[in-house]
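Here is a briefing for a reader new to this structure. It starts with the terms, moves to the whole chain, and then visits single sites.

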Amino acid sequence: MSEASHQKVHASHLRRNAYLYVRQSTMRQVFENTESTKRQYALRQRAIALGWAVEQVVVIDSDLGQSGASAVDREGFQRLVTEVSLGKAGIVLGLEVSRLARNSTDWHRLLEICALSDTLILDEDGIYDPAHFNDRLLLGLKGTMSEAELHVLKARLQGGILNKARRGELESPLPVGFLYNASHQAAMDPDGQVQTSLRFFFETFRRTGSAMATVKAFRGQGVLFPRRLKKGLHKGDLLWAELTHSRALQVLHNPRYAGAFVYGRTRTRAQADGRDHLQKRPRGEWILLPGVHAGYLSWQEFEENQQCLSANAQAHGNDRRKSPAREGPALLQGLVLCGKCGRRMTVRYHNHKAQLIPDYVCQRQGIEHGRPVCQSINGEEIDKTISEILLETMTPMALEVALSVQQEMQARMEEVDRLRRKQVERARYEADLAERRYLQVDPANRLVADVLEGEWNAKLRALHGAQEEYERQCRDHLPAVTDAARTRLSALAGDFPQVWVDPETPDREKKRMIRLLVEDVTLVKRERVNMHVRFKGGAMRNLELPLPLLAIEMRKTNEEVVREVDRLLDTYTEGEIALMLNEKGMCSGAGNSFTQIAVQRVRRTYHLTSRYDRLRALGLITVGEMAQRLGVTSSAVKYWKVRGVFRAYRYNDKGECLYAPPRKNLPGKGTRKQAYLKQLERPLSIKSDEVQYEA
Ligand SMILES: [Zn+2]
């Protein structure tokens, strides 16, 4: 100890206690590194040499066995800081003092407090007064270096781990169903029950396509799922428990089950409260090596499962909530999903030919954000198609298929039954084992005998429970379909089409029937309408429909009708044409019978020349023009027309006419009709396509 160091110790320091801070990082270090523990206690002698009394040296070693990376959980370090800040410490002793705190912030805070409370610091290198700038600088540097050292150590360790991981050689913990064999290779768990359970798990998911359904299948059939203890004294022991949804998802998302090596799916991040938080990393950042060891499913199956799970996740969102069957003829109300954005589509109705026609519309986003609707599809064809599919599906033959599937399920039930029996066997084996252990122990050794007897009793109770559960499951077992039931079911399937097409069957009932059979329908409108039907039980059907006509196209009048109107306009007025068309049984685009207005609309829409213009084009003149030419009043002209003197042609339904131009020999005032008519050589005739005048 140098002279200068001694000068730093004053009576004010010696009046207070000396705190010896002893720290070891991990339990392992505590056992293996007793050398440094000895060095730390040797510091006590230094304090005594500097003038502190033996009873003044307080040892703080409550951090033994805890990691020093943060002060949060370290009671000892906190206590040290408290004592220093209360001014109780004259000096703090520590082996490599900067390691008092493994974290720079903690360390600098301690230095600050030491400076304020005039506390010295001592390590193997010397004695420091944090109130002095140079000492404080040095101590600060020591702290920074110690943190850097820790960082380098960690980085080197992490680098080694990563390198091993990239080669797929890292022995990371395996999920249940795999164990490391003697040569440290990942291999299937040799326990037959574990393997069977996992195979049953993946088989069930393949069949149902849903994690929840898989969980339900396990629960419904009373099959347990294995788990291996990861830590503790019984590390590696098997536990059997009910399968939970989160557990099922973990297993389904874990690429190891497909025989892939994976590392870095999560990352640990320190949170503000000092606790660690697991963060999921995107798949692109994992180290993923498929085909490293044997698995329970193929890589392709694994990828398909991931897609299926992500689709399911979308299907259970808020927006996809199913709405119950309501009134209104839209068969798929509440069942239609938008194939463009994944939201649920709503129903709107429009009138067509006196019928309510549904439109399936995806408008949620449009309403919320004031954008145009995502897509809108005429539902008439879609509903028709669904009807056809259901009629086609619900035939006696289809039912026959369903019944044979049921038989297959029966076979699967027997498989499940075997699993359950194994559970009982295991319980019995464990009870036997406990019994043998109990019998082997010396009865005089009361303590051990009591414990073993308790264990035996517990195992017997477990066996009893397992047996009861097994019997209950057997009772609830679905009975095989009898021949009588088969006949009844076939009859029902035969009735279905009648009920379905019966107009008396209310819409709501039809919709409820659909809900029993169809899970949902996804629609996408592009060049054609793509329709993806998902049935209950997982069957799917993809259909393509032609684009439905737009409303305007649907109102389009038949071409034949237009041609007919065009032809009739030469000879008849619009009102007359309407009557004639109705007589012929023709109807408008909207499916209604014709009126004068409707014919007029057709004429205007298809730009047909009006009857007035046609007659004018033939040289016919108006009543005014006629009157002018004859030098009489309009009423006179009309009077002569009624008398049949002039040829006149009605051009509308109000009785307004156009007149054939007059000839030379006009009737004078008061001329009698017969006399005038005699003057005419031949009456003027107008045919549909031409007008001929006699010279
Ligand atoms: Zn949409």
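A residue counts as buried under 20% relative accessible area, as exposed over 50%, and as partly exposed in between, with a 1.4 Å probe and protein chains only. By that scale Asn 378 is buried, at 11% relative accessibility.

This is a predicted model, in which local features need pLDDT of at least 70, side-chain atom pairs count only at pLDDT 80 or more, and totals for chains, interfaces and linings use all residues. Residues are numbered from 1 along each chain as its sequence is written, and side-chain values use heavy atoms, with hydrogens and water left out.

**The whole chain**

- The chain has 25 helices and 24 strands. Helices (H or I, at least four residues) and strands (E, at least two) are DSSP runs, numbered from the N terminus.
- The chain holds 695 residues, and 38% of them count as buried.
- Contact means heavy atoms within 4.5 Å. Take the contacts between residues at least 6 apart in sequence: 60% of them join residues at least 24 apart.
- The accessible surface of the chain is about 40,600 Å². Carbon and sulfur atoms account for 53% of that surface. Such areas come from the Shrake-Rupley method with a 1.4 Å probe, and for residues only the protein chains shown count as cover.

**Helix 20 and helix 21**

- Two packed helices are described by the angle between their axes and the distance between the axes.
- The axes of helix 20 (residues 574-584) and helix 21 come within 8 Å and cross at roughly 100 degrees. Helix 20 is therefore roughly perpendicular to helix 21.
- Helix 20 brings Glu 574, Gly 575, Ile 577, Ala 578 and Leu 581 to the contact. Helix 21 brings Gln 596, Val 599, Gln 600 and Arg 603.
- By type, the residues of this contact divide into four nonpolar, three polar and two charged.
- Axes are lines fitted to C-alpha atoms, for helices over the stretch in contact, and angles run from 0 to 180 degrees between N-to-C directions.
- Angles under 35 degrees count as roughly parallel, over 145 as roughly antiparallel, 65 to 115 as roughly perpendicular and the rest as oblique.
- Ala, Val, Leu, Ile, Met, Phe, Trp, Tyr, Cys and Pro count as nonpolar; Asp, Glu, Lys and Arg as charged; the others, Gly among them, as polar.

**Loop residues with positive phi**

- His 607 sits in the loop between helix 21 (596-605) and helix 22 (611-617). His 607 is not a glycine, yet its phi is positive, at about 55 degrees. It counts as exposed, at 71% relative accessibility.
- Asp 118 sits in the loop between helix 6 (104-116) and strand 4 (120-123). Asp 118 is not a glycine either, and has a positive phi of about 55 degrees. Its relative accessible area is 29%, so Asp 118 is partly exposed.

**Buried sites**

- Asn 378 belongs to strand 17 (residues 375-378). A polar atom of the Asn 378 side chain lies 2.8 Å from the backbone nitrogen of Glu 380.
- Asn 378 and Asp 359 are 19 residues apart in sequence, but their C-alpha atoms are 4.4 Å apart in space.
- Met 188 is part of strand 7 (residues 186-188). It counts as buried, at 18% relative accessibility. The C-alpha atoms of Met 188 and Phe 178 are separated by 4.5 Å, and the two residues are 10 apart along the chain.
- Beyond four places in sequence, Met 188 touches Gly 177, Phe 178, Gln 195, Arg 199, Ala 294, Gly 295 and Tyr 296.
- Gln 423 lies in helix 14 (residues 396-440). It counts as buried, at 16% relative accessibility. Not counting residues up to four places away, Gln 423 touches Gln 193, Gly 222, Val 223 and Leu 224.

**Partly exposed strand sites**

- Ala 241 is in strand 9 (residues 238-241). It counts as partly exposed, at 35% relative accessibility. Leaving aside neighbours within four places in sequence, Ala 241 is in contact with Leu 224 and Phe 225.
- Val 59 is in strand 2 (residues 57-60). It counts as partly exposed, at 24% relative accessibility. Neighbours within four places aside, Val 59 is in contact with Leu 20, Val 22, Tyr 41 and Arg 44.

How values were computed. Polar contact = N/O pair within 3.5 Å; in protein donor to acceptor, adjacent residues only side chain to side chain.
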